[in-house]
Every structure is written in structure tokens, then in C-alpha cells.
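Please look over the sequence and the structure shown here before reading on. The report that follows moves through the model one region at a time.

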Amino acid sequence: MVTEELTRGKRLGRYELLQRIGRGGMATVWVAREHADTPEQERLVAVKAILHDLASDKEFVDMFLDEGRLIRAIRHPNVVDVYEVDDADGVMFMAMEWVEGGSLHAVIAESGKRRPIPPEMAVRIIADAAAGLHAAHELTDENGKLLGVVHRDVSPHNILIGTDGAIKLVDFGVAKAMGRIGEATQAGQLKGKFGYMSPEQARGKPVDRRADIFALGIVLFELTTTRRLFRGEHDAETLHLVV
């Protein structure tokens with residue numbers, strides 16, 4: 001079985017795929033039911049499955065595994081939990097906490113059609129996202145040494161808002177931990193969304209946690225003004241504006 005053939009009702013391990021909710025250049029995302037010994041123990045989860053074409057790409061697989069390891073190590077109410085990273089019938093997947101709600105990107109788009117998000121609500125959203133980022137930035141190894149985790153892709157697309165108001169940071173797929181084995185984001189490579197990059201990241205230079213704070217500031221600007229801070233006619237112009 002390959003990722004491209006995944007359809008509703010398919011099983012990946014103990015997870016039954018219910019509905020595809022997203023597809024990008026690297027993976028598909030599904031809402032799935034986790035089967036358990038009793039109905040009371042069953043729950044909905046989000047499953048991210050690597051596209052078949054990337055399954056043989058060692059760098060990408062390492063990055064995917066790194067993402068799983070990183071998020072599983074971060075225990076914070078403002079970071080989506082990862083339950084399992086596994087392989088089923090040749091499909092590598094990640095089972096994560098299901099957040100009933102939507103992305104901040106969708107909320108901003110809707111607010112532009114209706115009315116602006118109240119400033120006090122915008123600040124609360126950013127504060128909660130910052131708390132989740134801080135937990136990632138403060139992650140240490142077994143010896144207490146800082147891992148130097150940087151999300152590198154902070155944007156409205158990767159901040160989820162639950163129907164209960166919970167703010168959850170998601171998608172550490174291009175995150176970087178300084179010096180870790182299998183580092184998949186070398187200096188000189190641009191990974192992340194151009195309009196939310198720091199100048200250092202846009203230049204392909206090494207970055208630290210300040211790049212995430214800069215990106216979160218861009219999100220705050222967008223939240224409170226309903227317009228993009230850095231948006232050119234094309235990617236190159238957007239990067240020029242950032243720099």
C-alpha cells in the first residue's frame with residue numbers, strides 16, 4: 001500500500017482513516033479513529049502520512065522522524081501531542097492529537113470578511129503560542145543541555161485554535177535542533193513560509209529562537225491589522241521585503 005492510495009476506511013496500524021483534511025507537497029493529513037480494546041478508549045486522532053514519492057528520500061524520512069521525536073519530547077498544553085510515529089505496509093505516518101477547530105489562517109481570512117479580531121483576543125492567541133514556542137526552545141537533552149530547537153515555520157497555518165479556545169502549535173516538520181543527528185535543515189537552505197521569515201532565515205543564515213519570535217511578531221501584525229506584513233508579487237520580492 002502507498003500513501004497515494006490511502007482512502008477512507010483504510011487502516012494504518014490501529015488507526016482507521018475517516019476523512020482527508022489536507023494534502024501538501026510532503027504528506028497527507030487525515031482525521032482517524034484510534035481503535036482500542038473498548039469503545040470508551042477509542043478517540044479521534046490526526047494522522048500525517050508521508051507521500052509515497054518521499055518514502056525513499058532518506059533526508060526527508062529523517063526530518064519526519066526528527067519532527068516526531070521533537071514534539072513527543074515537548075510536553076506543553078500549547079503544543080500538539082504526538083502519540084506515535086510508525087510504519088504500516090510501507091507507509092510512514094505520525095499519529096497526533098486531534099484538535100477540533102481550525103487554523104489561525106482560516107480565522108484571519110474569515111475576520112477579513114466580517115470584523116477584525118479584538119486586540120485583547122489577538123494578544124491572548126499570540127501569548128499562548130509564545131508559551132508553546134518557549135517550551136520547545138527550552139527543550140534539553142538527558143544531561144540538561146539545551147537542544148537549541150527552532151520551529152522555523154511559525155505562521156497562521158501552524159497555529160491551531162480549538163473550539164474550546166485552546167491554542168496549539170503544530171508542524172515542527174522543518175524544525176532545527178542545533179547539532180542533532182540527522183539534522184535536516186542546514187544553513188543555506190530556505191525552509192518555511194517566506195512571508196513569515198526573519199531576515200537571517202531569508203538569507204539562509206543560521207538562526208536561533210529569535211527567528212521564531214520575529215515570525216510570531218509578523219503573525220501578531222497580521223492578526224491586528226488583517227493584512228500581510230511582507231507580501232510581494234512573487235517569492236523573490238517577498239524575501240527582498242523581509243531582508
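The model is a predicted one, and in its hairpin of β9 and β10, where 4 residues lie between the strands, Gly 165 takes a positive phi near 90°. Strands β9 and β10 run antiparallel and are joined by 3 bridges, and in β10 the bridge partner of Ile 161 is Ile 167. Strand β9 is also joined to β7 by 3 bridges, again with the two strands running antiparallel, and here Ile 161 in β9 is the bridge partner of Gly 102.

Where do the side chains of a regular strand go? They alternate between the two faces of the sheet. In β9, Ile 159 and Ile 161 point one way while Leu 160 and Gly 162 point the other way, and all of them are buried.

The model also holds an open sheet of 6 strands, which follow one another in the order β1-β2-β3-β4-β6-β5 with antiparallel pairing. Which strands stand at the edges of this sheet? They are β1 (11-12) and β5 (82-88), and each has a single partner strand, so one side of each is left without a neighbour in the sheet. Strand β1 pairs with β2 (residues 15-23) in the antiparallel sense over 2 bridges, and Leu 12 stands opposite Tyr 15 in β2. Helix α1 (residues 58-73) packs on the sheet, where it touches β4 (43-50), β5 and β6 (91-97), and the direction of α1 makes about 150° with that of β5.

Two or more residues of the lining are given by each of β2, β3 (27-34), β4, α1, β6 and β7 (101-103), and the largest share, 4 residues, comes from α1.

Helix α3 (residues 119-137) has 19 residues and reaches 26 Å from its first C-alpha to its last, which is close to the 27 Å expected at 1.5 Å a residue. Several residues of α3 are buried, among them Ala 122, Ile 125, Asp 128, Leu 133 and His 137. The buried residues of this helix pack against α2 (104-113), β8, β9, β10 (167-169) and α5.

| Residue | Phi | Loop |
|---|---|---|
| Arg 152 | about 70° | between β8 (149-150) and β9 (159-162) |

Note on methods: Residues numbered from 1 in each chain as written. Predicted model: local features only at pLDDT ≥ 70, side-chain atom pairs only at ≥ 80, totals over all residues. Heavy atoms only, no water. Expected span 1.5 Å × (residues − 1). Buried < 20%, exposed > 50% of the residue type's maximum accessible area, 1.4 Å probe, protein only. Contact = heavy atoms within 4.5 Å. Pairing = 2+ DSSP bridges. Axes fitted to C-alpha atoms, helices over the stretch in contact; angles between N-to-C directions.
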